[in-house]
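Here are my notes on the model you sent over.

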Amino acid sequence: MKKNLITLKEINKKNILKIIIKNENISRINIAKFFKISRPTISTYINELISEGLIIEAGKGLSTPSGGKKATLLKFNCKAGYIITISIGTNLLKFAITDLGANIIKSTTVPTEEWLGPQTIIEKLLDNINELIIKTKINKKKIFGIGIKGPGLIDSDKGVVIFFPNLTDWKNINLSEIIESKTGIPVYIDNVCRILAIAEKKFGIAQDIRNFVVVLTGPGIGTGVFIDNKLFSGNKGIAGEVGHIITDLDSNKLCHCGNYGCLETLCSSRVLIENIKEDLKKGEKSSLKENQEFGFDDLPGLFKDNDALVVKHVTENANLLGIGISNILKMFNPELVVIHGKFLAFGEKYLDILKEAVSKSTFPKVKDDYNIQFTKLPEECGLVGTAIFAFEKIFKLDNLNISDEYMVRKDF
Ligand SMILES: [Zn+2]
């Protein structure tokens, strides 16, 4: 981790800011209670934060019990700056610029191809970052950070893409450093499932839940895990890769990760299509025909219309994913599992099969006390979640004390 030179004054100002972000509408007196420094010093720091535009006065509080003067309340000014938020997918790159409250100001979507390779995709990222800045006419100095979510293993602390299994040649790439050096804006990067978990915690169905897991379905199967209200990272920030738990020991299906028989090789959206195509070749009956071009988006309608072949394979898919989710339940004992991604299109009928499959594979003698639901968040939750993730990194909200990433400068 980078070591930043910083004065004690700067640390105190950052900590005052964190208190104000976490306790919206707080008075100077209440802020002072968090610190062992003199009230006049705190007042000076607060005035500096006001003149920097980061905090604003937000009306008056209640008067004191003794009938004293009403205190002026302070709050964080989410209009003080901006965040650029980016989603790297297999076929789409999504971009948005948000304020510091994760409200989208402008967004754009650009097609991409999984085989394009890092150099071309990075060029597309840089071009679109520049275009967003030009179109919104936002002063670059007011952009506090760029948040990126990607589909694979990411060492978030180092800003390195370890491996994007479904994108060609994405291996050990220091994406944060590359984008940061070209834009001059700090870059924060994390895995898509972890970002979706942050979004569920912030404004989804997991807001009041301490232990939950997000499962992303689609070309890959991924997970984001919250334990005791904290995103669970593991040693390199890649904990909870349930899609790569080896589920079929006899499998000859090679996974992008290099192993055989991973859960992802059994129940991803790609495998679902491959399995249907194989059965069509064998002459199985369906309204799909052997030589017909079709993709994942054609399947939900056929599933709802009870096409026998599609129902057979989607049911098998739900049963296999159910085994994966039962493994998650045994590992993390979450109260809630939130399903995201492509399989939501199969609707409640899919969810019922999935729940049944999970129930069969969890502890038979223990009463089910978990809850599995589809997400209620809108499509743009990924970009908004990425903005929240970047915001928390910029203001170091997960860490309220002087941490070892700072070396206190002696010359203050
Ligand atoms: Zn794998």
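Predicted model: local features only at pLDDT ≥ 70, side-chain atom pairs only at ≥ 80, totals over all residues.

1. Which residues of helix 4 are buried? They are I121, L125, I129 and L132. These four sit on the same side of helix 4, because they cover an arc of only 80° around the axis.

2. The face of helix 4 turned away from that buried side carries the exposed residues Q119, T120, E123, D127, I134 and K135. The geometry of helix 4 checks out. At 1.5 Å a residue, the 19 residues of helix 4 (residues 118-136) should span 27 Å, and the end C-alpha atoms are 27 Å apart, which agrees. Just after helix 4, K137 takes a positive phi of about 55°.

3. Now the whole chain. Its secondary structure comes to 12 helices and 18 strands. The domain assignment gives domain 1 (4-77), domain 2 (82-196 + 381-394) and domain 3 (207-374). Between the centres of domain 1 and domain 3, taken over C-alpha atoms, there are 47 Å.

4. What about overall dimensions? Along its principal axes, the C-alpha trace spans about 80 × 50 × 35 Å. A compact globule with 412 residues would have a radius of gyration near 22 Å; the chain has 24 Å, which agrees. Of the 412 residues, 35% count as buried.

5. On contacts: taking those between residues at least 6 apart in sequence, 62% join residues at least 24 apart.

6. Which residues have the most contacts inside the largest nonpolar core? L196 and V337 do, in a core of 84 residues. Helix 12 (residues 381-394) gives the most to this core, with eight residues. The core draws at least three residues from each of domain 2 (82-196 + 381-394) and domain 3 (207-374). Apart from it lies another core, of 12 residues, among them I16, L54, L73 and L74. As background, nonpolar side chains tend to be buried together in soluble globular proteins.

7. For a closer look at V337, leave out residues up to four places away in sequence: V337 then touches V213, V215, I325, I328, Y370 and I372.

Key
Residues numbered from 1 in each chain as written. Helix = DSSP H or I, 4+ residues; strand = E, 2+ residues; numbered from the N terminus. Expected span 1.5 Å × (residues − 1). Buried ≥ 20, exposed ≤ 12 C-beta atoms within 10 Å, placed from the backbone. Arc of directions from axis to C-beta. Rg over C-alpha atoms; globule rule 2.2 N^0.38 Å. Contact = placed C-beta atoms within 7 Å. Domains from an automatic or database assignment. Core = buried A, V, L, I, M, F, W, Y, C linked by C-beta atoms within 7 Å.
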